[in-house]
Amino acid sequence: MTAENPIPGEEPELHSVQALRALQLDRLQWTVRHAYENVPLYRRKFDEAGVDPGDIRSLDDVRRLPFTTKADLRETYPFGMFAVPMADVRRIHASSGTTGRPTVVGYTQTDLDNWGDLVARSLHAAGIRAGMKVHNAYGYGLFTGGLGAHTGVERLGATVIPVSGGQTARQVQLITDFEPDAILCTPSYLLTIADALEQAGIDPTSTSLKVAVLGAEPWTNEMRAEIERRLAIDAVDIYGLSEVMGPGVASESVQTKDGPHIWEDHFLPETIDGETGETVPDGELGELVFTSLTKQAFPVIRYRTRDLTRLLPGSTYPAVRRIEKITGRDDDMVILRGVNLFPTQIEELVMGIEALTPHFILELRRESRLDTMTVRIERHPSLGIDECRAATVVLQQRIKQHIGTTVEVVLEEPGALPRSEGKYKRVYDLR
């Protein structure tokens with residue numbers, strides 16, 4: 001965003017399909033060559049697929065390129081996917097992985113500037129304007145949410161209140177005292193704040209808040225309706241993931257609230273059949289795949305997000321496509337109150353506790369509109385019941401420490417949980 005073009009929503013490529021497609025092709029060709037020449041994994045995968053950067057002559061040619069998956073990112077941990085020297089990397093973020101190793105991403109200064117612009121564009125689409133006060137309750141640190149949103153607020157010319165997550169009573173006090181115009185957090189946490197406001201004797205509809213920009217976990221339009229009713233605000237969806245950038249890859253317009261618009265001048269989307277890898281037409285349900293178009297430090301080629309959605313025509317921004325609201329994934333990842341976790345992460349923690357066995361299941365429920373998870377786990381048959389009960393407390397603490405979420409742990413007798421000769425069903429979604 002520049003002084004000459006202060007409103008992100010007025011970028012010219014968002015209003016002309018022809019100009020956008022030409023820009024995308026130019027940037028796609030640059031990205032493919034940049035990745036091939038500077039990331040050994042991409043060079044190997046391209047060579048194995050028999051494709052050369054010079055083969056990309058149209059946007060459809062992206063389908064000739066191999067997919068990128070989380071397994072590739074784990075293989076190259078920590079910095080093997082970086083396409084620039086470390087001296088040019090200005091920030092590193094990371095998200096949790098399935099093996100105890102996080103997914104590590106890097107940003108040049110240009111990457112950070114683009115990210116700030118795109119978050120600012122997203123917030124502008126959500127109805128936030130320069131001069132407003134914005135309460136940022138996304139988590140700071142290696143998680144991309146807090147700092148990514150923070151930069152976008154400042155780039156937009158609004159005032160950021162960097163509260164971060166947790167300490168709900170403090171959130172209530174600051175909302176009451178600082179009178180912010182907007183709030184950024186997960187949808188489930190906003191309902192927790194609404195409950196806390198009521199417990200403090202404050203009518204949630206009486207606050208200064210006018211809009212909430214919510215992301216980091218799937219949420220339904222039914223939850224949107226309840227949030228808007230409870231707090232008398234507009235609730236707008238923002239989408240992103242650290243491997244592709246962070247928050248701001250796509251965002252809803254407050255005018256239509258009909259699914260996030262993808263900022264296609266920076267990201268080329270596809271939807272594929274998760275089983276075959278074949279592209280599915282726009283409008284059909286498929287797994288969302290992204291190719292970055294401008295990222296310098298960490299380019300991604302056909303990254304499989306595992307998010308299930310449909311690509312739809314743009315509405316507020318006609319030249320770009322929207323994604324249908326994402327409410328599910330095609331793998332076994334659990335998203336619990338904005339934290340991504342896998343059963344294998346729990347298994348890794350369990351294996352280090354002698355009094356507990358690896359026979360466990362995860363039960364997901366929705367209580368008072370918030371998702372909860374219970375770990376039901378069998379005790380070691382040769383150890384005393386008191387020792388095993390104490391071990392459940394240790395497991396609960398380790399899950400909180402290493403994964404970052406609070407769960408209930410219930411001790412079961414040996415043999416109480418179901419067994420399977422095939423793939424062990426770990427997750428029981430009872431929501």
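Trainee: Is Glu413 buried, partly exposed or exposed?

Mentor: Remember first that this is a predicted model. Glu413 has a relative accessible area of 43%, so it is partly exposed, since that class lies between 20% and 50%.

Trainee: Which residue does Glu413 pair with in a salt bridge?

Mentor: The general idea is that side chains of opposite charge can pair when their charged atoms come close. Here, the partner of Glu413 is Arg379, with the closest N and O atoms 3.0 Å apart. Arg379 itself is buried, at 13% relative accessible area.

Trainee: How many salt bridges does a search of the whole structure find?

Mentor: The search finds 29. Among them is the one between Asp371 and Arg366, whose closest N and O atoms are 2.9 Å apart. Asp371 is buried, with a relative accessible area of 11%, whereas Arg366 is partly exposed at 44%. Another joins Arg64 and Asp55 at 3.9 Å, N to O. There, Arg64 is partly exposed at 42% and Asp55 is buried at 18%.

Trainee: Let's turn to strands. Why is strand S7 described as largely enclosed?

Mentor: Look at the accessibility of each residue along the strand. In S7 (residues 234-241), six of the eight residues are buried, so the rest of the structure largely encloses this strand.

Trainee: Which strands pair with S7, and are they parallel or antiparallel?

Mentor: Strand S6 (residues 211-214) runs parallel to S7, joined by four bridges; Ala212, for instance, has Ala235 in S7 as its bridge partner. From S6 the chain passes through helix H8 (residues 221-231) to S7, making a right-handed β-α-β crossover. Strand S8 (residues 246-251) pairs with S7 in the antiparallel sense, also over four bridges. Gly240 is partnered there with Pro247 in S8, and a hairpin of four residues joins S7 to S8.

Trainee: What contact does the side chain of Thr108 make?

Mentor: Thr108 makes a polar contact with the side chain of Gln296, at 2.7 Å. Thr108 lies in the loop between strand S2 (103-107) and helix H4 (109-125), and at 5% relative accessibility it counts as buried.

Trainee: Which residues make the nonpolar surface patch?

Mentor: Phe79, Met86 and Ile92 form the patch, which covers about 240 Å². Ile92 is in strand S1 (residues 91-95) and is partly exposed at 32%.

How values were computed:
Residues numbered from 1 in each chain as written. Predicted model: local features only at pLDDT ≥ 70, side-chain atom pairs only at ≥ 80, totals over all residues. Heavy atoms only, no water. Patch = residues over 30% accessible without salt bridge, like charges linked within 9 Å, V, L, I, M, F, W, Y side chains within 5 Å. Areas by Shrake-Rupley, 256 points an atom, 1.4 Å probe, with all protein chains shown as cover. Salt bridge = Lys/Arg side-chain N within 4 Å of Asp/Glu carboxyl O. Helix = DSSP H or I, 4+ residues; strand = E, 2+ residues; numbered from the N terminus. Buried < 20%, exposed > 50% of the residue type's maximum accessible area, 1.4 Å probe, protein only. Pairing = 2+ DSSP bridges. Right-handed = clockwise from strand over helix to strand, strands pointing away. Polar contact = N/O pair within 3.5 Å; in protein donor to acceptor, adjacent residues only side chain to side chain.
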